[in-house]
Amino acid sequence: MQGTHAKFTLHMDKLTFADAKKSCESIDANLAFIDSDKEQAEVAEVVKGNGVSIWIDGVLGEDGFFVHTDGSCIETDQWIDGQPDNWKNNEHCLTLQSQHG
């Protein structure tokens with residue numbers, strides 16, 4: 001869900017980006033739409049310690065930059081250096097990765 005009053009819930013089903021997006025929409029929800037450092041921290045807290053990668057709302061735009069699925073700019077810069085990078089021209093959707101511990 002979008003905005004500062006969003007509720008983030010972790011679902012552990014292993015799905016493709018398209019299927020995860022459809023699954024969220026089927027329950028009137030969305031992939032995490034991260035548009036601030038605060039929301040980034042909130043989502044990171046939900047996945048913390050699970051050792052998982054989750055889909056977040058972001059796709060590779062026509063100009064080669066990642067945007068939200070509605071085409072709007074992603075307003076956070078909380079990426080690891082060099083990310084997102086569309087590695088080997090094969091990463092067209094965004095994930096947030098967690099580590100154990």
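Which strands do the buried residues of α2 pack against?

## Helix α2 and its packing

In this predicted model, the buried residues of α2 pack against β1, which spans residues 53-60, and against β3, which spans residues 93-97. The helix itself covers residues 37-47, and its buried residues are Glu39, Gln40, Val43 and Val47. Seen down the axis of α2, these buried residues fall within an arc of 105 degrees, so they line one face of the helix.

The face of α2 that is turned away from the buried side carries Lys38 and Glu45, both of which are exposed. Just after α2 comes Gly49, a residue that takes a positive phi of about 80 degrees.

## Lys7 and Val43

Lys7 has its place in the segment before α1, the helix of residues 17-26. With a relative accessibility of 63%, Lys7 counts as exposed, whereas Val43 is one of the buried residues of α2. Although Lys7 and Val43 are 36 residues apart along the chain, their C-alpha atoms are separated by 9.2 Å.

## The cavity and its lining

How many cavities of 30 Å³ or more does the count come to? The count comes to one cavity, and the volume of the largest cavity is about 30 Å³.

The residues that line the largest cavity are Ile34, Gln40, Ile56, Asp57, Ile74, Thr76, Trp79 and Leu94. By class, this lining consists of five nonpolar residues, two polar residues and one charged residue. Gln40, which is among the buried residues of α2, is also one of the residues that line the largest cavity.

A disulfide is a covalent bond between the sulfur atoms of two cysteines. A search of the whole structure finds zero disulfides, and the distances between sulfur atoms show why for two of the cysteines, Cys24 and Cys73. For a pair to count as a disulfide, the two sulfur atoms must lie within 2.5 Å.

For Cys24, the closest cysteine sulfur is that of Cys93, and because the two sulfur atoms are 13 Å apart, they are too far for a bond. For Cys73, the closest cysteine sulfur is likewise in Cys93, and at 18 Å that sulfur is too far for a bond.

How values were computed. Residues are numbered from 1 along each chain as its sequence is written. This is a predicted model: local features need pLDDT of at least 70, side-chain atom pairs count only at pLDDT 80 or more; totals for chains, interfaces and linings use all residues. Side-chain values use heavy atoms; hydrogens and water are left out. On a 1 Å grid over the protein atoms alone, a cavity is a set of points where a 1.4 Å probe fits but cannot get out, and a pocket is an open set with protein on both sides within 12 Å along at least five of seven lines; lining residues have an atom within 4 Å of a point. Grid points are joined across faces, edges and corners, and a volume is the space filled by probe spheres set on the points. Ala, Val, Leu, Ile, Met, Phe, Trp, Tyr, Cys and Pro count as nonpolar, Asp, Glu, Lys and Arg as charged, and the others, Gly among them, as polar. Helices (H or I, at least four residues) and strands (E, at least two) are DSSP runs, numbered from the N terminus. Buried means under 20% relative accessible area, exposed over 50%, partly exposed in between (1.4 Å probe, protein chains only). The arc is that of the directions from the helix axis to the C-beta atoms. Contact means heavy atoms within 4.5 Å.
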